[in-house]
Amino acid sequence: MATNLTSAYTGEAGSISYGGATVAAVRSFTVDNESQTIESTSMSSPGNARSYLGGLTQWSGSLDVYQIDDDTEQTAMLAAAQSGAEAEIILYPSGSSKGISLTGNVIITGHSLTSSFDGMVEGSVSFQGTGALTRAVIS
């Protein structure tokens, strides 16, 4: 079954490709889509109601990983956070063999590490999409 059209599904097989290679030890990710509105209300608008037009769109997101020091893509995201470099990201919510993919270019806007004596070392990355985010059904 290529897509899940009738019910919810888990993200346990979810994955991320950054700069053309798979990011290791991904724990979770979030993608936010947003559309601005432009007020077009005039003094003669009917019914004393405000009216709006669609404006610019944007998308951004974040991801969490278990830190793997020699993972090329985790290292590339840290370098990009320091340089502002742009790269392609592909997000697979339910894995690369079923469901959907979300593809676009991003600028890494933040990178942080968390370490505790009773837990794993974790990394968090935030990103801003540049251009359109493309949704495709995996078949």
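**Before you start**

The model is predicted: local features need pLDDT of at least 70, side-chain atom pairs count only at pLDDT 80 or more, and totals for chains, interfaces and linings use all residues. Residues are numbered from 1 along each chain as its sequence is written, and side-chain values use heavy atoms, with hydrogens and water left out.

Strands here are DSSP runs (E, at least two residues), numbered from the N terminus.

**Stop 1: the salt bridges**

How many salt bridges does the structure hold? There are 2. A salt bridge needs a side-chain nitrogen of Lys or Arg within 4 Å of a carboxyl oxygen of Asp or Glu.

Select R27 and E122. They form a salt bridge, and their closest N and O atoms are 3.6 Å apart. This pair joins distant parts of the chain. R27 sits in strand 3 (residues 26–39), E122 in strand 7 (residues 122–137), and 95 residues separate them.

Now show the surface. Buried means under 20% relative accessible area, exposed means over 50%, and partly exposed lies in between (1.4 Å probe, protein chains only). R27 has 47% relative accessibility, so it counts as partly exposed. E122 is partly exposed as well, at 28%.

Next, select E39 and R50. Their side chains meet in a salt bridge at 2.5 Å, N to O. E39 belongs to strand 3, while R50 lies in the loop between strand 3 and strand 4 (52–66). The two are 11 residues apart. E39 is partly exposed at 40%. R50 is exposed, with a relative accessible area of 58%.

**Stop 2: S94**

Move to S94. Look in the loop between strand 5 (86–92) and strand 6 (100–114). Is S94 buried or exposed? S94 is buried because its relative accessible area is 2%.

The S94 side chain reaches the backbone oxygen of K98 at 3.2 Å.

What else does S94 touch, leaving aside neighbours within four places in sequence? Select Y9, T10, A13, G14 and G99: S94 is in contact with each of these. Contact means heavy atoms within 4.5 Å.

**Stop 3: S101**

Last, select S101, in strand 6. With a relative accessible area of 10%, S101 is buried. Leave aside its neighbours within four places in sequence, and display its contacts. I90, L91 and Y92 are among them.

Definitions and conventions:
Helix = DSSP H or I, 4+ residues; strand = E, 2+ residues; numbered from the N terminus. Polar contact = N/O pair within 3.5 Å; in protein donor to acceptor, adjacent residues only side chain to side chain.
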